[in-house]
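Please look over the structure shown below and follow its parts one by one.

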Amino acid sequence: MSVETAKDYRDPEKLREAYERHDGTLRDVFDEFDASDRHLRRLLIQHDIHEGDERQYYRDLDELNPEDLGLSPLADDHNGGEN
């Protein structure tokens, strides 16, 4: 990715174009700009491109389980299996 492309996400018009091009699919917008999803989400909301509650984003993350991401489940016991 060129330096110019990396900076494009700071331009509200380019950000809006990408959001519309990807039908509002945030993951695709994040991937296109190869920038922090937290930062881009904040910019999208700030520029009234995406309506969202940043607090809801973090609540959703807190509710994720490792299995939701294709990872191994957490162990039920936290003492290494020793009682």
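Asp48 counts as exposed because its relative accessibility is 65%, where exposed means over 50% relative accessible area, buried under 20% and partly exposed in between, with a 1.4 Å probe and protein chains only. This residue sits in the loop between α4 and α5 (54–62), and its phi is near 55 degrees, a positive value in a residue other than glycine. The helices named here are DSSP runs of H or I with at least four residues, strands being runs of E with at least two, and both are numbered from the N terminus.

The model is a predicted one, in which local features need pLDDT of at least 70 and side-chain atom pairs count only at pLDDT 80 or more, while totals for chains, interfaces and linings use all residues. Residues are numbered from 1 along each chain as its sequence is written, and side-chain values use heavy atoms, with hydrogens and water left out.

Asp23 likewise has a positive phi in a residue other than glycine, near 50 degrees. Its place is in the loop between α2 and α3, and Asp23 counts as exposed, with 70% relative accessibility.

Arg16 belongs to helix α2 and counts as partly exposed at 28% relative accessibility. Although Arg16 and Ile49 are 33 residues apart along the chain, their C-alpha atoms are separated by 6.1 Å.

The accessibilities of several residues are set side by side here.

| Residue | Relative accessibility | Class |
|---|---|---|
| Val29 | 0% | buried |
| Phe33 | 4% | buried |
| Tyr9 | 11% | buried |
| Arg16 | 28% | partly exposed |
| Asp48 | 65% | exposed |
| Asp23 | 70% | exposed |

How do helices α2 and α3 pack? The axes of α2 (residues 12–21) and α3 (residues 26–33) come within 9 Å and cross at roughly 130 degrees, each axis being a line fitted to C-alpha atoms over the stretch in contact, with angles running from 0 to 180 degrees between N-to-C directions. That angle makes α2 oblique to α3, since angles under 35 degrees count as roughly parallel, over 145 as roughly antiparallel, 65 to 115 as roughly perpendicular and the rest as oblique. On the α2 side the contact involves Lys14, Leu15, Ala18, Tyr19 and Arg21, and on the α3 side Leu26, Val29, Glu32 and Phe33. These residues divide into 6 nonpolar, no polar and 3 charged, with Ala, Val, Leu, Ile, Met, Phe, Trp, Tyr, Cys and Pro taken as nonpolar, Asp, Glu, Lys and Arg as charged, and the others, Gly among them, as polar.

Helix α3 also packs with α4 (residues 37–46), at an angle of about 115 degrees and with the axes 10 Å apart. The two helices are therefore roughly perpendicular to each other, and their crossing is right-handed. The contact is formed by Leu26, Arg27, Val29, Phe30 and Phe33 of α3 together with Asp37, Leu40, Arg41 and Leu44 of α4, and by class it has 6 nonpolar, no polar and 3 charged residues.

Val29, a residue of helix α3, touches Leu15, Ala18, Tyr19, His22 and Leu40, leaving aside residues up to four places away in sequence. Val29 and Tyr9 are 20 residues apart in sequence, and their C-alpha atoms are 9.3 Å apart in space.

The structure holds 1 aromatic pair, a pair being rings of Phe, Tyr and Trp (its six-membered ring) with centres within 6.5 Å, where planes under 30 degrees apart count as stacked, over 60 as edge-to-face and the rest as tilted. The ring centres of Tyr9 and Phe33 are 6.4 Å apart and the planes stand at 70 degrees, so the pair is edge-to-face. Because Tyr9 lies in the loop between α1 (3–7) and α2, and Phe33 in helix α3, the pair ties together parts that are 24 residues apart in sequence.

For the chain as a whole, the secondary structure comes to 5 helices and 0 strands, in the order α-α-α-α-α along the sequence. Buried residues make up 20% of the 83 residues. Among contacts between residues at least 6 apart in sequence, 39% join residues at least 24 apart.

Methods: Contact = heavy atoms within 4.5 Å. Left-handed = near helix turned anticlockwise from the far one by under 90°.
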